[in-house]
Amino acid sequence: MAAPSLSRGALSARRVLGGPGQGRAQARGCSTETPPAGPPHTGETPGSPAWDPPERARLRGREQRLRRQRLRRERDEEGAAGQEPRPLPKGWRPGEELEYRHPLEPGGKKATPSPLPPRYSPRYVEAAWYQWWERGGVFTPPEQSPGGAPVLSLVLPPPNVTGTLHLGHALSVTLQDVLARWRRMQGWDVLWVPGTDHAGIATQAVVERWLWQHRGLRPQQLGRAEFLQEIWRWKERHGDEILQQLRALGASLDWSRCTFTMDPGYSRAVTEAFVRLFRAGLIRRDQRCVTWSCALRSALADIEVEPRVLTGPTTLNVPNCPHPVTFGLLVTFAYPVEGDDGLELPVATTRPETIFGDVAVAVHPRDPRYLHLQGRQVRHPFSGALLPVVSDPSVEPQRGTGAVKVTPGHSPQDLALARAHRLPLPCVIRDDGTLCPPGGGWLQGVPRFEARSRVVAALAQLGLFRGVQDHAMTLPLCSRSGDVVEFLLKRQWFLSCGDLAQRALQAVTSGRLRLVPKFHEKNWKTWMENVGDWCLSRQLCWGHQVPAFQVRGGPAAPSPRGGPGGPEGPEGPWFVGSSEAEVRGAAATALGCPQEELHLEQDPDVLDTWFSSALFPFAALGWPEQSPDLRRFYPTSVLVTGGDLLFFWVARMVLLGQELTGQVPFQQVLLHSLVWDSQGRKMSKSLGNVIDPRDVIGGATLQELQEKLQSRTLDPRELQTAQEGQRRQFPQGIPECGADALRLALSTHNAHGPEIRLGVASVLTQRRFCNKVWNGVGFVLRALEGEKGTPKPPEEVFPSSPLERWLLSRLAGAVAESCRRLESLQLQGAAAAVQSFWLRSFCDVYLEVAKVSLQSPELRPAVLATLVAAAELGLRLLAPFAPFVAEELWQRLPRPHPAPPSICRAPFPDPQKLAGWRSAELEAQVAAMLELVRAVRGLRETFRLGGAARPPVLLQLPDPARDWLEPLGAAFQTLSGAGPVRLLPPGAGPGPGWAGAPAPSGTFVYLRIQGLVEPGAARAQLGARRISLERRLRSLPGTAPHAQAALVRAELARLEQALQALETPGDPPGDPPGDPLSPPRTP
């Protein structure tokens, strides 16, 4: 047919459509291929059966939420006009970093006898240790386990070989490494297997883009073999980058077992898996509608399709389409009924361009509107072919016009209907998304979206166009390319998942497989109960070629089902085997002919990348051979991965693992949160917020960040947006934080919750924590200067003084809490326990008191023994989370002999061995004392007393408290900065010149301010602060948390008491009332 000219009606229809557009709705009753998200506008009024206001309102609300989220993302990508660059993170003062310049000892160990640098520097601390660990075989389990040590085995989720790790990967790596180091220190045999994935679609797309940008070549110009060589060369150039990132993070992987999913041994495992599944009757070749990406020219897995809910016309940019495309429109046109009665059958569709693939019109058998048309025929407006009007109960009369155009080549639902009615199955869209109508014609080779407007214009010219309405629908998008998914009728290899899924579901319900957090079990059940067959074929060059061969020429007879042969269809017999020689022999036997007469052609498609990666837990250990590693370390103990991979990868590993090995591939799965940036945005190349962990570890200037972006193979428009995002987010670059700080920042977030918002500022906070530990252990080392002798094992230290016993009790509690949390995979709780001990107990409390206690010859030995025991055990407790700083400091501490060469092999603190240190009563007493300290410090802060002031303090407390406070009096005096401390009898008043504050448990603290503050200046300063707090209290919204308002009121009450103390005239100086608590301490 010649291309029709555009009439006035056609131009009007085109204007209504707003240019090219697409959408598909899968309702039986409107001729569409994707289920509509709501009813189309077909003229119904509210109250009619086809109108559903609540559903419509729900969809409107959902679309509005999605639209707001999309607009936020777009603003992030484009950059707000006039937005100022982000300032430097608070507390960051860039300075020169120290470097390790001493010669290494034999074996590559750092020279720890060298003086400890005066300040913490990640560059100094993290130098050389990893290479020494790796060279010493610290990460490799022993070949023979003495005494039958328990085993921890896990595999690293293999990242894409040509990609780079970002902070999301760093979270997964850190969590796994904490578990591996913890169990290794507990004496377990730990195997952590590294590897990389060939990532078929992603890698091929990157290399294609690189070839075009640098050499102006397309893969078709090179041919399959040469293009594969280009990909292998790319892999050799870039494949090592991820491994170096893992080393920089301190990942204690067994590098001797590193696996690549295209290695010869692994490829053999993939082939063997396919052959076994085929022979078990689980894999078969079939012609079905597959989800297809025209941009990638490949089939997709269903889980690689992202549904986009639309409530009406929506304009989107589609890959390889020069103009935006409008979706969410329903076009109605009429099919003329064959005969002379002038009847017509209207159909509604979101895909008018697929009209060339129509083979029938379907109506519901009991729809009164079309009873008279059942069994008749309609004439195709362009080809003139007669199409039958068939009745089918799957049609929904209330949808659209109630009549469905049947397009089996581009809709799974239409395909089922066409097969039920024995209709032809034409396909009118090519792999690249261009039209191929039967017999060629005026739309031959026209892109599908451009063809849409031409078809509508042609229908209008023929007088068959009946209108267009807004339409609520769900649009399927390719998660990899952003392309609008097409349904194409293809012969592919499919894995039947029904029985496999039931066994996977039973593994979770029976407790053989544990999902952490537990709420994932509900999603697991839903997915397994609704899983469909898995399309394994991918139309790529890079990957594992399908081990199936088709007989070309020679005798052709079907092979017996279930044998080595394959299903036979119109395309000829297929045979599956581990090698061509095996297949040739099987085919010759099945067809009854000599092998030399057979011409075999291997399927050019490759297997889905998720198929090969689903074998990783056992293929990386030597399967299908019964290797020593497979017998010893499989099933693996735990898998740690992102929650977004539950169905992409975890479910597929369980499906194939149980079928091929008879066991679940792992005993439990920790599904952690996704890492977003500090503004709550997902990591995206186009936003410029995808951060290489090495840039946080070693620091990077803005120029270095920009140069790294330019080295990536990005689309030019995407590159420009990403660079602008980097300039806004990191105007001064990224400060050097170190691997330990990054690991701690990741470990201390709740990986069981929703997203993790991580910014550079939170990593700098952890660098300051490392500096605190550095200074604390440095104090211990300086205190030990000149001391001789070997310290006792920490577990044998039992001091008698209360504060020393309190510190060791707190340490024992931290060890118990950390172990309990690690056992339950709550790593953030374990990290919090470790940090709380170092900050709140060791550094902030005990070290401050020890500075005074060490000056006493009587107290010094017990204090030193406590310091060494707490520091040494504390570093072992810290080592799984911050291995570099722990190793650096632990190597410098004196240790009892014999000592392991590395903290990585030192025993992790055992809570049972430390149980004798625990004293809940003493911890409660010191906690009460610290509340008194905080009350005194609060009064000092209120009156702005300098650090040199030592005002007298009165304590008014119940009688039982006096007994335990007496031994802690010296510590209270030191920590609070108090002068003489006396006890005030119950009911007595302090007299004038004293300011007071309440403390918990019915206690009261008074501070002598007479002579230390100038009343007039203090009164003015306190009055101004009161006015500010009252204004703040009034400004709090009614929805503000109760605790927030309570804090403001408590501060106001304290200011009122301070002002009253200033109003009371003081007595002449004299001895404060009450009995002395303890003798005065002099620093």
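Two strands pair if DSSP finds at least two bridges between them. In this predicted model, ten bridges join strand E5 (residues 283-293) to strand E18 (residues 486-495). The two strands run antiparallel. Trp292 stands opposite Glu486 in E18.

E5 and E18 belong to an open sheet of four strands, in the order E6-E5-E18-E20. The pairing in this sheet is antiparallel. Strand E6 (298-299) and strand E20 (534-535) stand at the edges. Each has a single partner strand, so one side of each is left without a neighbour in the sheet.

Now the helices. Helix H6 covers residues 200-215, 16 residues in total. From its first C-alpha to its last, H6 reaches 22 Å, close to the 22 Å expected at 1.5 Å a residue. Its buried residues include Ile201, Val206, Val207, Trp210 and Leu211.

| Helix packed against H6 | Residues |
|---|---|
| H7 | 219-222 |
| H8 | 224-238 |
| H16 | 609-613 |

Gly216 follows H6, with a positive phi near 65°.

Another helix pair is H23 (residues 739-747) and H28 (residues 883-890). Their axes come within 7 Å and cross at roughly 125°. H23 and H28 are therefore oblique to each other. On the H23 side, the contact is made by Ala739, Asp740 and Arg743. Pro883, Phe884 and Val885 make it on the H28 side. The residues of this contact divide into four nonpolar, no polar and two charged.

Methods. Residues are numbered from 1 along each chain as its sequence is written. This is a predicted model: local features need pLDDT of at least 70, side-chain atom pairs count only at pLDDT 80 or more; totals for chains, interfaces and linings use all residues. Side-chain values use heavy atoms; hydrogens and water are left out. The expected span of a helix is 1.5 Å times one less than its number of residues. Buried means under 20% relative accessible area, exposed over 50%, partly exposed in between (1.4 Å probe, protein chains only). Contact means heavy atoms within 4.5 Å. Axes are lines fitted to C-alpha atoms, for helices over the stretch in contact, and angles run from 0 to 180 degrees between N-to-C directions. Angles under 35 degrees count as roughly parallel, over 145 as roughly antiparallel, 65 to 115 as roughly perpendicular and the rest as oblique. Ala, Val, Leu, Ile, Met, Phe, Trp, Tyr, Cys and Pro count as nonpolar, Asp, Glu, Lys and Arg as charged, and the others, Gly among them, as polar.
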